[in-house]
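This briefing is for a reader meeting the structure for the first time. It goes from strand pairing to the core and then to charged pairs.

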Amino acid sequence: MLFRSMETNDSNIPHGLKVGDKAPDFTGYDQTGKQVELKKLLGQGPIILFFYRGKWCPVCSRYLNNYQDSLKVITDQGFNVVAITPESIENVEQTVKLHNLTFTVIYDCQEKIMKDYDVMFSVTKAYQEKILSALSTDIAKNNGRDTARLPVPATFIINKDGIIVAVQFDPDYKNRATVKWMLKNLGLAL
């Protein structure tokens with residue numbers, strides 16, 4: 001089934017959390033091996049939380065670079081930026097180095113965060129073969145898994161009370177939250 005550029009056989013099509021939903025708490029490990037908890041981050045202020053597919057994805061690479069380039073503008077507003085990925089920790093480390101990322105990147109090793117935020121889907125065999133052929137990447141192996149699952153690259157702006165105040169969710173992986181969109185919506189979390 002093709003769901004606006006999301007190739008999946010999964011009958012559970014993700015729809016993402018909505019504005020007004022309580023952001024599910026999570027604990028994960030960042031690129032330095034440090035434990036990160038959402039509730040502790042929210043104690044420091046509001047958060048921009050986004051999901052990306054992997055270092056093999058050219059659209060994700062551009063997007064990560066855009067975040068890094070705009071990071072000071074976002075953090076000057078009092079926000080933390082947190083990225084969530086299904087990539088293995090080794091690939092997270094490579095991604096961070098490749099893009100000189102200074103914001104928090106969490107490996108969702110149990111796929112729990114992606115499930116809780118309703119962004120995860122299983123990709124078709126045909127799509128896996130397409131990525132293997134075109135980008136020399138086995139999605140499942142890249143993620144340190146036996147099966148290939150990816151997140152819709154959604155962005156959630158979460159206020160310090162843990163309420164989602166803005167969402168960009170589009171199953172078309174090419175459509176992402178722009179810096180302009182983020183800056184327009186940051187005030188909703190203050």
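Phenylalanine 50 has threonine 155 as its bridge partner in strand 10. The model is predicted: local features need pLDDT of at least 70, side-chain atom pairs count only at pLDDT 80 or more, and totals for chains, interfaces and linings use all residues. Residues are numbered from 1 along each chain as its sequence is written, and side-chain values use heavy atoms, with hydrogens and water left out.

- Helices (H or I, at least four residues) and strands (E, at least two) are DSSP runs, numbered from the N terminus.
- Two strands pair if DSSP finds at least two bridges between them.
- Strand 5 (residues 47-51) pairs with strand 10 (residues 155-158) in the antiparallel sense over four bridges.
- With strand 6 (residues 80-85), strand 5 pairs in the parallel sense over five bridges, and isoleucine 47 has asparagine 80 as its bridge partner there.
- Between strand 5 and strand 6 the chain passes through helix 2 (residues 58-75), and this β-α-β crossover is right-handed (with the strands pointing away from the viewer, the path from the first strand over the helix to the second runs clockwise).
- Five of the five residues of strand 5 are buried (buried means under 20% relative accessible area, exposed over 50%, partly exposed in between, with a 1.4 Å probe and protein chains only).
- In a regular strand the side chains alternate between the two faces of the sheet.
- In strand 5, Ile47, Leu49 and Phe51 point one way, while Ile48 and Phe50 point the other way.

**The sheet and its helices**

- The open sheet has seven strands in the order 4-3-7-6-5-10-11, with mixed pairing.
- Strand 4 (35-37) and strand 11 (164-168) each have a single partner strand, so one side of each is left without a neighbour in the sheet.
- Strand 10 and strand 11 run antiparallel and are joined by four bridges; isoleucine 157 stands opposite alanine 166 in strand 11.
- Helix 2 packs on the sheet, touching strand 5, strand 6 and strand 10, and its direction makes about 180° with that of strand 5.
- Helix 7 (residues 179-186) also packs on the sheet, touching strand 5, strand 10 and strand 11, and its direction makes about 20° with that of strand 10.
- Contact here means heavy atoms within 4.5 Å; axes are lines fitted to C-alpha atoms, for helices over the stretch in contact, and angles run from 0 to 180 degrees between N-to-C directions.

**The nonpolar core**

- The largest nonpolar core has 61 residues, and Phe103 and Tyr117 have the most contacts inside it (such a core is a set of buried Ala, Val, Leu, Ile, Met, Phe, Trp, Tyr and Cys residues joined through side-chain atoms within 4.5 Å).
- Helix 2 supplies the largest share of this core, seven residues.

**Salt bridges**

- The structure holds five salt bridges (a side-chain nitrogen of Lys or Arg within 4 Å of a carboxyl oxygen of Asp or Glu).
- Glutamate 111 forms one with arginine 145, the closest N and O atoms being 3.4 Å apart.
- Glutamate 111 counts as buried at 2% relative accessibility, whereas arginine 145 counts as partly exposed at 26%.
- Glutamate 111 also meets arginine 149 in a salt bridge (2.6 Å, N to O).
- Glutamate 111 lies in the loop between strand 7 and helix 4 and arginine 149 in strand 9, so the pair ties together parts that are 38 residues apart in sequence.
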